[in-house]
Amino acid sequence: MDVDLDFRADFKDYLLAQFTKQGYQIPQEKPLQEIAYLYFNFQRRSIPLCPRAILESSEFHCPSEHAVGYLALKEKLITGQNANPYLSKRLRDVHYNDPLLNDWGIHHFHLGTDLDQSGFVERTKKLLFAFVTNHKVYCINIYDHLSWCNKDIMNVLYNNWPDLFEHKIIKGISPSVFDDDEYISTFRKSGIMSPIRFGNSMYAPLGGGLTTAKTSVRATLYANRYISVIKNFEKFIKDNIDYISNKILESGLTLSAPLKFVLYINHIGFFAHELGSNVAFRLCNHEDIK
C-alpha cells in the first residue's frame with residue numbers, strides 16, 4: 001500500500017515554528033541538522049518557565065549593592081516566572097555558543113533591578129554563577145566578568161553538591177595537571193573538551209563539553225538523536241502499514257489512497273496523524289528519547 005509521509009520535513013517545520021513563537025526567524029533553506037542544533041542549543045541557553053528550589057553554597061555571598069537584584073531574580077526562579085531577562089543579551093542571537101555553559105553547564109545572571117529598552121535587566125559587573133536544572137538552581141557564588149575559566153566555580157559546586165558529579169567520573173585515567181585557569185581558557189578557546197580534576201579523580205565536563213567547532217556536544221547529540229529517531233518513525237510506519245491500515249478499517253473508518261501521514265509534536269511527545277481517516281497515535285514521549 002502506498003504511503004505518503006515526510007516526518008523529517010514535518011520536524012523541520014515544527015522547529016522553525018518554535019523559533020517564530022520566540023520572535024526569531026530562521027531561514028527555511030537551512031538544513032534540518034543545523035536547525036535542530038540551533039534549537040537544542042537555544043533550549044540549553046534559555047531558562048524554561050517552571051518553579052525551582054534555590055540552593056546556595058556555603059561560600060555564597062551577595063554584595064549589598066546587588067542584594068535587591070538578587071532577591072528579585074530568586075523570586076522569579078522560585079515562582080517559575082521568566083528569568084531570561086537576567087541572562088546575557090546574546091540570548092537574542094540564536095547562533096551564539098556559550099563556552100561556559102557548553103563546557104561546565106553554568107549559567108550566569110546579571111543582577112540589575114530595572115529593565116532596559118531591550119527587555120533585559122541592566123547589566124552589572126558582578127554576576128551570579130549558577131547550575132540550573134528543571135527543579136533546582138544551585139547558586140555557586142557572585143563573580144566578575146573575568147571569571148569564565150575560574151576553576152573555583154567548579155570547586156565550590158563540587159564541594160557543596162558532589163552528587164551532581166557522580167555520573168561524570170572518568171575511570172582509568174591518571175589525574176591531569178592541565179586544569180588550572182590558564183589551561184582551561186586555552187582549551188576552551190581552541191574547542192578542546194577537557195576533563196576537570198577533583199582530588200585524585202577526573203571528571204567529564206558537567207555541561208557536556210565543546211566540539212572542535214566550539215559548539216555544544218550535548219546540543220549536537222540531541223539533534224542527532226532526534227533526527228535518527230524520526231527516521232525510525234518513518235521506517236516504522238512503512239514497515240507496519242498493513243497492520244495500521246487494518247486497525248483503521250476495524251475502527252469503521254475509510255482509508256485514503258495513498259495513506260498520508262504527518263508528524264504531530266506537542267509537549268508530551270510525537271504522534272503520527274493519518275489525514276484521510278483523521279486517526280492519530282502516539283509514537284513516543286520526549287523523555288523516551290532523552
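Student: At what angle do the axes of H2 and H7 cross?
Tutor: The axes of H2 and H7 cross at roughly 130° and come within 8 Å. Axes are lines fitted to C-alpha atoms, for helices over the stretch in contact, and the angles run from 0 to 180 degrees between N-to-C directions. Helices (H or I, at least four residues) and strands (E, at least two) are DSSP runs, numbered from the N terminus. This is a predicted model, where local features need pLDDT of at least 70, side-chain atom pairs count only at pLDDT 80 or more, and totals for chains, interfaces and linings use all residues. Residues are numbered from 1 along each chain as its sequence is written, and side-chain values use heavy atoms, with hydrogens and water left out.

Student: What is H2 to H7, then, oblique or perpendicular?
Tutor: With that angle, H2 is oblique to H7. Angles under 35 degrees count as roughly parallel, over 145 as roughly antiparallel, 65 to 115 as roughly perpendicular and the rest as oblique.

Student: Is the crossing of H2 and H7 left-handed or right-handed?
Tutor: Right-handed. A crossing is right-handed if the near helix is turned clockwise from the far one by less than a right angle, and left-handed if anticlockwise.

Student: Which residues in H2 and H7 meet?
Tutor: From H2 there are Leu32, Gln33, Ala36, Tyr37, Phe40, Asn41 and Arg44. They meet Arg218, Ala219, Thr220, Tyr222, Ala223, Asn224, Tyr226 and Ile227 in H7. Contact means heavy atoms within 4.5 Å.

Student: How does the contact of H2 with H7 divide by class?
Tutor: Nine residues are nonpolar, four are polar and two are charged. Ala, Val, Leu, Ile, Met, Phe, Trp, Tyr, Cys and Pro count as nonpolar, Asp, Glu, Lys and Arg as charged, and the others, Gly among them, as polar.

Student: How do H1 and H7 pack?
Tutor: H1 and H7 pack at about 140°, with their axes 9 Å apart, and are therefore oblique to each other. Their crossing is right-handed. Phe7, Arg8 and Phe11 of H1 meet residues of H7 including Tyr226, Ile230 and Phe233.

Student: New topic. Which residues touch the most other members in the largest nonpolar core?
Tutor: Phe7, Phe11, Leu128 and Phe270, in a core of 60 residues. The largest share of this core is nine residues from helix H7 (residues 217–239). A separate second core has 22 residues, including Trp104 and Phe165. A nonpolar core is a set of buried Ala, Val, Leu, Ile, Met, Phe, Trp, Tyr and Cys residues joined through side-chain atoms within 4.5 Å. Buried means under 20% relative accessible area, exposed over 50%, and partly exposed in between (1.4 Å probe, protein chains only).

Student: Where is Leu210, and is it buried or exposed?
Tutor: Leu210 is in the loop between E8 and H7. Leu210 is buried, at 5% relative accessible area. Leu210 and Met193 are 17 residues apart in sequence, but their C-alpha atoms are 5.3 Å apart in space.

Student: What about the backbone? Which residues does a cis peptide bond join?
Tutor: Ala257 and Pro258, with omega about -5°. Pro258 lies in the loop between helix H8 (241–250) and strand E9 (259–265). Most peptide bonds are trans, and most residues other than glycine have a negative phi.

Student: What is phi of Lys214?
Tutor: Near 65°, which is positive, and Lys214 is not a glycine. Lys214 is partly exposed, with a relative accessible area of 41%. Asn278 also has a positive phi, of about 60°. Asn278 counts as exposed, at 58% relative accessibility.
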